[in-house]
Amino acid sequence: MQITGLEIHQVDASPRGNWIFVQLHTDAGLSGLGEASQSGNDGLVVAALQQLGEKLQGADPTQVEVLWEQMARGGGIFSGDAGRIGATALSAVDQALWDLAGKALDVPCWMLMGGKRRDRVRVYANLNRGTRDRSPQGFADAARRAVDAGFSAVKSTPFDEVHWRRMDRPGIAADAGIGVERLEKTRAAIGDEIELLVDCHQRFDLALAFAVAEQVKPLDLYWFEEPVPRDNIDALRQLRLHAGHTIAGGEAQVGREGFWDYIAAGAVDVLMPDVKHAGGITECRRIAALAEAAQMPIAPHSPAGPVSTMAGVHLAATVANFTVLEFAFGEVDWRGGLIRPAEEIVDGYITVPDAPGLGIELDAAVLAAHRLG
């Protein structure tokens, strides 16, 4: 079996960004799915995908890790200016290769990775893209919708008005207070039994991060994600040691090298590799192994489309130190139908599929209805 081409599908997901899916086709009539959404530049990632598609012509798609090394090391994808763009393109192709390898051997991806440790994968609802009313009550209502849909954990991104680069203007403390109010309303709406995660989107300096961390202690947060810029490893470590919250981060890092400093320094309690950016399933498994050696759990970052979510499900099924997987809740109401079988979440979990490969295909009719161009 040989790869004959790479096809790109751009989907109009929402005003917050598009989804990009790839299909690797073969001369055996099989095709593999991957996702390259949210690279930061759709045009450049499409160009990078096209280049990788040309290089893979004639290759055996079942040689997944061999091809990964050829793409990553031969092209310097994890260094220089390529950075996130190149890593996102490689990650999508890697997902598609695993899908193809599983289909070729008629087994699910998790079986190729050594077997599944869990039959279903817990997911939390990322509310950011689905929260259109940004008032405190709007945040609370969005969280309540997720709970009513069966989620037992929700993530809020409440600090819209704050940024550490604008600390000179008056009212920064009041702006932070608005975020705290949003969280208080959310906790009141969902009750004490639902886990509340908070993503600060790197908006604080260290002093303000400590101050806000103290204010939100009564809310019993599951974690306090990226309160300071993600490259400030020392500040993250100080917060982890002294703020009284579980600190999560690492969503934008790429490759093992990008995560090593986090792991070695103990910068976070929970590491968040993204199967779309960190290097695909292949590299995320290696990152998880490094983190496991440091007794550090992983919670894969994944606020995009259903293909990367399912790639994350197979990853999560196979690694020992998995905790919870991100799910983009409420962005578009047709999301579940974009794949077949339709995406389904029951009691806050996704069942690990037993079908070959990733276990999903794009639904042609839904794809056509929302395709760009």
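Before starting, I reminded myself of the convention: a crossing is right-handed if the near helix is turned clockwise from the far one by less than a right angle, and left-handed if anticlockwise. I also noted that this is a predicted model.

Entry one, a helix pair. I looked up helix H8 (residues 233–242) and helix H9 (residues 255–265), whose axes come within 10 Å and cross at roughly 40 degrees. By the convention above, the crossing of H8 and H9 is right-handed. Which residues meet there? I found Ile233, Leu236 and Arg237 on the H8 side, and Asp261, Tyr262 and Ala265 on the H9 side. I sorted the residues of this contact into 4 nonpolar, 2 charged and no polar.

Entry two, the sheet. I traced an open sheet of 3 strands in the order E1-E2-E3, and the pairing is antiparallel. Strand E1 (3–14) and strand E3 (31–35) are the edges, each pairing on one side only. How many bridges join E1 to strand E2 (residues 17–26)? I have 9 written down for this antiparallel pair. Across it, histidine 9 stands opposite phenylalanine 21 in E2.

Entry three, helices on the sheet. Helix H3 (residues 83–105) packs on the sheet and touches E1, E2 and E3. I put the angle between the directions of H3 and E3 at about 150 degrees. Then I turned to helix H11 (residues 306–318), which lies across E2 and E3 and runs at about 100 degrees to E3.

Notes: Residues are numbered from 1 along each chain as its sequence is written. This is a predicted model: local features need pLDDT of at least 70, side-chain atom pairs count only at pLDDT 80 or more; totals for chains, interfaces and linings use all residues. Side-chain values use heavy atoms; hydrogens and water are left out. Axes are lines fitted to C-alpha atoms, for helices over the stretch in contact, and angles run from 0 to 180 degrees between N-to-C directions. Helices (H or I, at least four residues) and strands (E, at least two) are DSSP runs, numbered from the N terminus. Contact means heavy atoms within 4.5 Å. Ala, Val, Leu, Ile, Met, Phe, Trp, Tyr, Cys and Pro count as nonpolar, Asp, Glu, Lys and Arg as charged, and the others, Gly among them, as polar. Two strands pair if DSSP finds at least two bridges between them.
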